[in-house]
Amino acid sequence: MTAPTNDASVRDMGREAPLLFGGWEVGLLVIMAILYAGGLYLNPAFFGSTDALFSVMRDASRYGVLAIGMTFVIVNRELDLSVGSTFGLTATIFGMVFAPTYFDMSVWTAVFWCLVMGLTIGLINGLMVTVLEVPAFIATLTMLFIGRGVILGLTGGKNIAFEIKAGTEPAFFRLGEINAFGFNNQIILFLIIAVIAAAALAYTAIGWTTYSVGGNEQAARYAGINTRFVRMRSYVLSSLCAVIAGLMSVAQNKDADPLAGFGLELIAISSVIVGGAAIFGGRGRVLGSCLGAILIGLIDKVLREGVPTTRTVDLGNGDTAQVAAVTQLPPGAVPACLGVILIIAVLIEPWLVRRRAIPRLWAWLRGRPPPPIPDLGGVAISGVQTRGANVQARGLGKRGIAAFFYRRDAAAVILMVALWLFGLWARPDFWGGLDNSFAILLAFSEIALLAVGLTFVMANGDIDLSVGSVLALSGAVAAVIMKDTNWGPLAAVGGGIMAGVVAGLINGWLTAYVGMPAFITTLGTFYWARGLGSSIVAGTQLNGFPESFNLIGRNLYELLDAMGLAPTGGLWLAIAKAVSVQTIFVLLVALIAGVVLAHTTFGEKVYAIGGNERAANFAGVNTRRVRFTSFLISSICAACAGIIYDAFYRSFIPTAGQLRELDSISSIIIGGGSIFGGYGTMIGSLAGAMVITLIRSLLSLQIILKDGSSFVLPQQWQNVFIGLILIVAVVGDIWLRQHNILGQLFGRRRVAEEPTHVEPVKEAKA
Amino acid sequence: MMKRLATAAIVATTCFWGSGAFAQSGAISKAVGGYTWEDAAKEGAATKKNGKPLTFAIITHTAGNGFFDPVYVGAQVAANAFGINLIKLGSEAPIDDIPREIQILNQIVNDPTINGVIMTTPQVGAYNDIVKKLEDRGVVVATMNSYDGTLFDRNNISHTGQDASAAAIGGEAIVKCLLKNNVKGGSILFPNTVPVGNIEVNNRVKAAFQATVKALKAANRLQDFKVDAGPNNIGVDVGADISPAPIVQLIESRKDVVGLFGPNGGVTPAIGDAISQLKLNNKICSFGFDLGPKQLEQIRTGALQGSLGQQPFLQGFYPVMQLYLQLDRNIAAANLDTRAQLVTKDNVDKVGKRFEN
């Protein structure tokens, strides 16, 4: 490997985003100071002492260590969604090895196995991304699914406690304790790791090669850098940091919680982005990421503060009492604020830095001509990776079943049929019946509706992480309109859809017109939409909606009955009682969306942009408008899902739609969609959604044995199954279809068997 | 006079023993109606179709956090006792996952081998269609744990669980603890995973909060304490994910926390963990709801002063028995309030020895 030259420009590659008084980090420090001042005003007793500082630093230590590892990955133009589950797996493995109720081994044996586990996950992630060419998002999303599934499978969801035994191993568990100086030892470990990582990234070949690969992988390869090794190293470092953060958590909590690390991947990514790293790689600093993590910890602390107040409490029987308490922001305010800050932090770059807003303002104040705005690059910043065209080319001219096998969605359709046939084999007495078939469709409809809208976004080459949160926001708005106003169900439906439209407008505008990466825009919406939804219902469950509204979520018979059109007998009655209104709605929406995507110019534009946005732009396609519209479609579908949620469950809870974004993204990928854009069909997305639904249905199916006894498959492992199917679908697509390794293998054999046709050619060339 | 009294005493004693001897003489070997108890105790001939055992399914909204384990144990004990094939199902998530529970229920509804269904109903209104369909198919239904008062055909469906008002015992226990320890003042907090929106859990917070205020008012000490259950009296929000970190933060930032109440099996052990991390064992009057191995351990170490068990074993055992009796003898649905069992350091070693908690 040849290291790049040690000149100043290379050293400064991580500092390409000067802000405010000379650096991004200074800006972060200013924001932190303002927040801290707010905390000081609200709670001087706490924020006026070192307790608050130590408390923020202790809680930020774990985020910080995760963010340090993530910095290497993001600077490398990659992403690691598996760090949260690696964090949780660390707690689980440690607990199982160490706890007296399991293997009861020494603490260092437990640490050793955690490190082995982290190293293995890092290597698997790296191999999947670099050798198997699986997109980083999918490879690490799969690892997230599998990791969470393994945690649930191993623990059965139960906490593994070892507090008493922890007292016998002070050398390790002191890490989670307060030291003689009054602060937690985790802070020291965090600072040590931060200093080492910052030095490595800024002053050693590790850092230079990382920046080089992230900045321009092809150029780095031509410069003699082993880019594959560099990318794998980043994943290993990220996983090891997740293990260390997990061990810090274990040392403090002295137990292994199956929920440990849940959602931490998004906190880590947010820390790095808020810390000034570019999601497109090539820029980012450990110091910034650490400050980003501390800022997130500080936001959490300050927003939970309040001022003293007095509440009147109804004690029943007309008795009341005045009670001293502290005011609070509504539930969901913290994630909502985090989402907004995330978006603002990323907006600073294109608007303040790249457009040179501050120098222009300064010039204007001095009455001088403003410096010119440099070429912003526009579409060039998108990672264009058109894949799979050769597969479709091979399928040209094929007909019937042969043509079907060349479709990208064929695997999902085949898998869907296979799973359904397995169910039929296992329970022929009811699985294929009308009622059960429509019950499966009912379970499928929510994921399917989200996947329909998301297909447009992903075919465009974008991503939408906010669909589950937009579902919750729209459901909350509709529920509040029905409960707190007398505007009626129609207004509730309109209000819910408007909430989705607003979210879609924000996502679309920021991504298509402002130039923010879709991942960040929708991650921001993921936080603010759920937080806002939770806030407007004050974290409570709302129910008691008008039955005329609830008809949206009932079966067709009830709707027809309300309209005086109910069938009275025969097959129609059976169908009307089995099929749900929402299933019909989803299939109708999917049909329209399928036609739009496959047979209209808008659909062709979507594919064209996903295949190569710049080419589409040159061809005269208004790429911004198409991308904007796709986000709008996605959010409207999510809003419809939110309204259906209210009607189907006859109530709303703030956790509605949680994790549905992962289900719907997985559906599209399983269905042949590409994370790079340019591909994805409605049939494929629906088949993918059905595959996930069928896996869940089969894992709760009672299988009856010949002797009359029955059993149910192990449900805890469902995420592992989904993760494995996801990775098999993607790896199969890349290698069996795109690289056609089987075709190449058989082609080589054919060539080997017919040497007379080959050798003269070689000789002629020679 | 003494002679007469002695004679009367002898006669009375003779009559007493005589009547006892008469009662034990075998009159209960046959019913007044003429049938024997053995015949009457036999299972109905039509209860099991074709001699196959009855199949019941028990479905919960979170099978992944261990709280429902004693429920499944109780259900299995009853199933074994009555010769029932029991299918134990539930959302595999460690947090409430009602859509998954509904998906499982919608599949169970169509399974022709199922004779009885026991379910939790944490989301009001969401289970009506399922219950209607089950009843149309002749499947008997019982609910347990979380109560939906608006459930379809509620009056004919048994419910086994605990009224949220039982949480008042926890609120009263906090005040007793504070007064006993002669605490002069401070904050009493009711942390809750508010965004989860579990109506049963929110009601527990309300009940415990009101009981605390009432008890402090009765002791004329309300003015000395801040009693904080959030703006809607459903808890101080600690986020949707259960972890000790936000509770540690609450204790640290409020600085004067003297009492804590956790409303469920997630928040209560998190409170214990937070107290333990801050080395405040036995220094805060901390009570909670639900029992599990972890809470029992925390009560022993003083991280928790006590916790209210809702007797989950009964929440599994009784519905199975109830459904069996409904099918076999057409016994009408009966509700069972499992009430609260306050477990403290004094009685912690007596509970949960055979998987009942």
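Tutor: Let us begin with how helix packing is expressed: axes are lines fitted to C-alpha atoms, for helices over the stretch in contact, and angles run from 0 to 180 degrees between N-to-C directions. In this predicted model, helix α23 (residues 489-514) of chain A packs against helix α24 (residues 518-536) of chain A at an angle of about 155°, and their axes are 9 Å apart.

Student: Why are α23(A) and α24(A) called roughly antiparallel?

Tutor: Angles over 145 degrees count as roughly antiparallel, and the angle between these two helices is about 155°; α23(A) and α24(A) are therefore roughly antiparallel to each other. The crossing in which α23(A) passes α24(A) is right-handed.

Student: Which residues of α23(A) and α24(A) meet?

Tutor: From α23(A) come A503(A), I506(A), N507(A), L510(A) and T511(A), and they meet A518(A), T521(A), T522(A), T525(A) and A529(A) of α24(A). By class, this contact has five nonpolar and five polar residues, with no charged ones.

Student: What makes α33(A) and α34(A) roughly antiparallel?

Tutor: Helix α33 (residues 682-698) and helix α34 (residues 718-738) of chain A have axes that come within 10 Å and cross at roughly 150°. With the cut-off at over 145 degrees, α33(A) and α34(A) are therefore roughly antiparallel, and here too the crossing is described as right-handed. V691(A), I692(A), I695(A) and R696(A) in α33(A) meet Q718(A), F721(A), I722(A) and I725(A) in α34(A), and the residues of that contact divide into six nonpolar, one polar and one charged.

Student: How do you know whether A260(A) is buried or exposed?

Tutor: A residue is buried if 20 or more other C-beta atoms lie within 10 Å of its own, and A260(A) has 25 within that distance, so it is buried. A260(A) sits in the loop between β2 (255-256) and α14 (264-274) of chain A, and, leaving aside residues up to four places away in sequence, A260(A) touches F87(A), G88(A), A91(A) and S249(A). Its C-alpha atom is separated by 9.4 Å from that of V250(A), which lies 10 residues away along the chain.

Student: Which residues of helix α29(A) are buried, and what covers them?

Tutor: In α29 (residues 601-611) of chain A, the buried residues are G603(A), K605(A), V606(A), A608(A), I609(A), G610(A) and G611(A). Their cover includes α21 (434-459), α28 (581-599), α30 (613-618) and α31 (623-649) of chain A.

Student: What is the pLDDT of chain A, and where does it stay under 50?

Tutor: The mean pLDDT of chain A is 86, and 90% of its residues reach 70 or more. Over residues 1-22 of chain A, however, pLDDT stays under 50, and the model has 43 contacts beyond four places in sequence for them. Over residues 757-766 of chain A it also stays under 50, with one such contact in the model. Where pLDDT is low, the predicted coordinates should not be read in detail.

Student: How many residues of chain A and chain B are in contact?

Tutor: The contact involves 65 residues of chain A and 60 residues of chain B. On the side of chain A that touches chain B, the residues divide into 26 nonpolar, 26 polar and 13 charged. As for chain B itself, its secondary structure comes to 11 helices and 14 strands, and 60% of its 357 residues count as buried.

Terms used
Residues are numbered from 1 along each chain as its sequence is written. Chains are lettered from A and ligands numbered from 1 in the order in which they are written. This is a predicted model: local features need pLDDT of at least 70, side-chain atom pairs count only at pLDDT 80 or more; totals for chains, interfaces and linings use all residues. Two residues are in contact if their C-beta atoms, placed from the backbone, lie within 7 Å. Ala, Val, Leu, Ile, Met, Phe, Trp, Tyr, Cys and Pro count as nonpolar, Asp, Glu, Lys and Arg as charged, and the others, Gly among them, as polar. Helices (H or I, at least four residues) and strands (E, at least two) are DSSP runs, numbered from the N terminus. A residue is buried if 20 or more other C-beta atoms lie within 10 Å of its own, exposed if 12 or fewer, and partly exposed in between; C-beta atoms are placed from the backbone. pLDDT is the predictor's confidence in each residue, from 0 to 100. Angles under 35 degrees count as roughly parallel, over 145 as roughly antiparallel, 65 to 115 as roughly perpendicular and the rest as oblique. A crossing is left-handed if the near helix is turned anticlockwise from the far one by less than a right angle, and right-handed if clockwise.
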